[in-house]
Number of protein chains: 4
Amino acid sequence: MGASFVAEQRVLYGDTDAMGIAYYANYLKWFEIGRTELFRLVGSSYQEVEVRGCFLPVYEAYCRYLKPARYDDIIHIETRFSFEGKARMRFYYRLFHKQSGFLLAEGYTVHVCTDEEGRPLKPPVYLKEMLQQMERVQGGNSSS
Amino acid sequence: MGASFVAEQRVLYGDTDAMGIAYYANYLKWFEIGRTELFRLVGSSYQEVEVRGCFLPVYEAYCRYLKPARYDDIIHIETRFSFEGKARMRFYYRLFHKQSGFLLAEGYTVHVCTDEEGRPLKPPVYLKEMLQQMERVQGGNSSS
Amino acid sequence: MGASFVAEQRVLYGDTDAMGIAYYANYLKWFEIGRTELFRLVGSSYQEVEVRGCFLPVYEAYCRYLKPARYDDIIHIETRFSFEGKARMRFYYRLFHKQSGFLLAEGYTVHVCTDEEGRPLKPPVYLKEMLQQMERVQGGNSSS
Amino acid sequence: MGASFVAEQRVLYGDTDAMGIAYYANYLKWFEIGRTELFRLVGSSYQEVEVRGCFLPVYEAYCRYLKPARYDDIIHIETRFSFEGKARMRFYYRLFHKQSGFLLAEGYTVHVCTDEEGRPLKPPVYLKEMLQQMERVQGGNSSS
């Protein structure tokens, strides 16, 4: 059983807000880091996907905030992937506080496949294979 | 029949990404503008709520992205409020492209009430009354 | 004697940091709002400049932070323009606290003119005329 | 001869703008990463400084943009420190493109020392010693 990839990112001062905790929109940036590193884990990159003519804009994003992330915390970003029908892709994220192991937040993003002009595109074979590989590397739980 | 409040915001260069469209995390900032202006519509401000000892951190956030917002577009932010049980507050947002009237995105945020240390707090009377007033000003649809 | 244009922007929660004041990088976004509105003041827009094939990337940016901007403050953004030699453009900014009139920050950005690929470009006539018009509308001081 | 510390950060999609390059305000976030890691290099953290009652808000920030940083680039952040008189602290930054070694940008931030309320504070002994140590670890050039 494989493990979903864990990327990490430190909370910057610029990520926090006047409540002294990370601003809620910034979690979506950490989600981006998670899915980006998942592409790298299967030997590619999201950039390569774009170079080959596919764009994966976000169609839906959801986050549940369980415990606040604070300045200088290290966030572990666990990411999983699954197909959603033939044309949609879903990434799941869990953000953990590195030192304590606490689950800070969890959520997902749903993506569609388009060409450079934003027109819907059937995911080409190379992309499908890359994403199927992402599904395979997962199965376990590697939360810190 | 009242109308939900419409705030507006122009898409900055700094809001866009290399896809040439607004980055998905920035929609949550526009949601913030929407709910902030709703507090002002009922004669108060979120700042006043904090000064009086209540904080309303985000517990859940969701956005569905229907059409891309682009550089220099003016976004109309329509916001509605409803209670969710006794202790949770839900704001609904619809973002419209000002000129065309197209719905660009819609979503919601769920908030809880806490004290300054982040401990759960039963919403005090003044906050409840303020939020009930928010519920009342709505009922219609003022989308551009 | 004309007046330099004053745009305004409210400080969002997402603009603040754990120090309870606006994060220093966000002032550069407010600078962007200032220069964008200056293009509009002379009957054009930065977008139109791009559509006609010119890009004005930032070559230098400077900001001096005099008083902190806080959550929910309204910032008045005063912007002036001047040529710097033949190929560089300089925008000056002063950010004022709307209610008190206090000067919060001041700074500048220097821009160069390039084509879409980032290659240096001699500013075309229509751009020069637009920028000369920007120089002319100024001369006074419209700080709140 | 010591070496100034090199932190690294990958350019996110959310860091880029419609010009396809990193948005100019985001360089100041990378500067923050640089100085934060310099505190860690001398065995402390900026957070600890705050816990002990000192805040170091930014008084000036400057950046010169030499070559654009692009999506997925890895940025090497070289940071140096020097005192500026008795009460001001200056951090210098150079951002390099990791793979090519090209200098992308350089700049500085000047900081003052204040208490939690933002009142000027003479830097206490522990902070002075920490910063003197920062000056000592430097002297060479560790650019990638």
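Buried residues make up 46% of the 144 residues in chain A of this predicted model; a residue is called buried if 20 or more other C-beta atoms lie within 10 Å of its own, exposed if 12 or fewer, and partly exposed in between, with C-beta atoms placed from the backbone. Because the model is predicted, local features need pLDDT of at least 70 and side-chain atom pairs count only at pLDDT 80 or more, while totals for chains, interfaces and linings use all residues. Residues are numbered from 1 along each chain as its sequence is written, and chains are lettered from A and ligands numbered from 1 in the order in which they are written.

Let me stay with chain A. Its C-alpha trace spans about 45 × 35 × 25 Å along the principal axes. A compact globule of 144 residues would have a radius of gyration near 15 Å, and the 16 Å of chain A agrees with that; the radius is taken over C-alpha atoms, and the globule rule is 2.2 Å times the number of residues to the power 0.38. Of the contacts in chain A with a separation of 6 or more, 71% join residues 24 or more positions apart, a contact being two residues whose C-beta atoms, placed from the backbone, lie within 7 Å.

Chain A holds three helices and five strands, in the order β-α-α-β-β-β-β-α from the N terminus. These are DSSP runs numbered from the N terminus, with helices being H or I of at least four residues and strands E of at least two.

I turn to the contact of chain A with chain B. Chain B gives 18 residues and chain A gives 18 residues. On the side of chain B that touches chain A, helix 1 (26-41) and strand 2 (58-65) of chain B are the elements that give two or more residues, and strand 2 gives the most, with eight residues. That side divides into 13 nonpolar, two polar and three charged residues. Here Ala, Val, Leu, Ile, Met, Phe, Trp, Tyr, Cys and Pro count as nonpolar, Asp, Glu, Lys and Arg as charged, and the others, Gly among them, as polar.

Strand 2 of chain A pairs with strand 2 of chain B in the antiparallel sense over five bridges, where pairing requires that DSSP find at least two bridges between two strands. Within this pair, Arg64(A) has Glu60(B) as its bridge partner.

Next, chains C and D. Ten strands form an open antiparallel sheet in the order 1(C)-3(C)-4(C)-5(C)-2(C)-2(D)-5(D)-4(D)-3(D)-1(D). Its edge strands are strand 1 (5-10) of chain C and strand 1 (5-10) of chain D, each of which pairs on one side only.

How do chains A and C relate?

Nine residues of chain C are in contact with nine residues of chain A. The copies meet through the same surface, because 100% of the interface residues of chain C are also interface residues in chain A.
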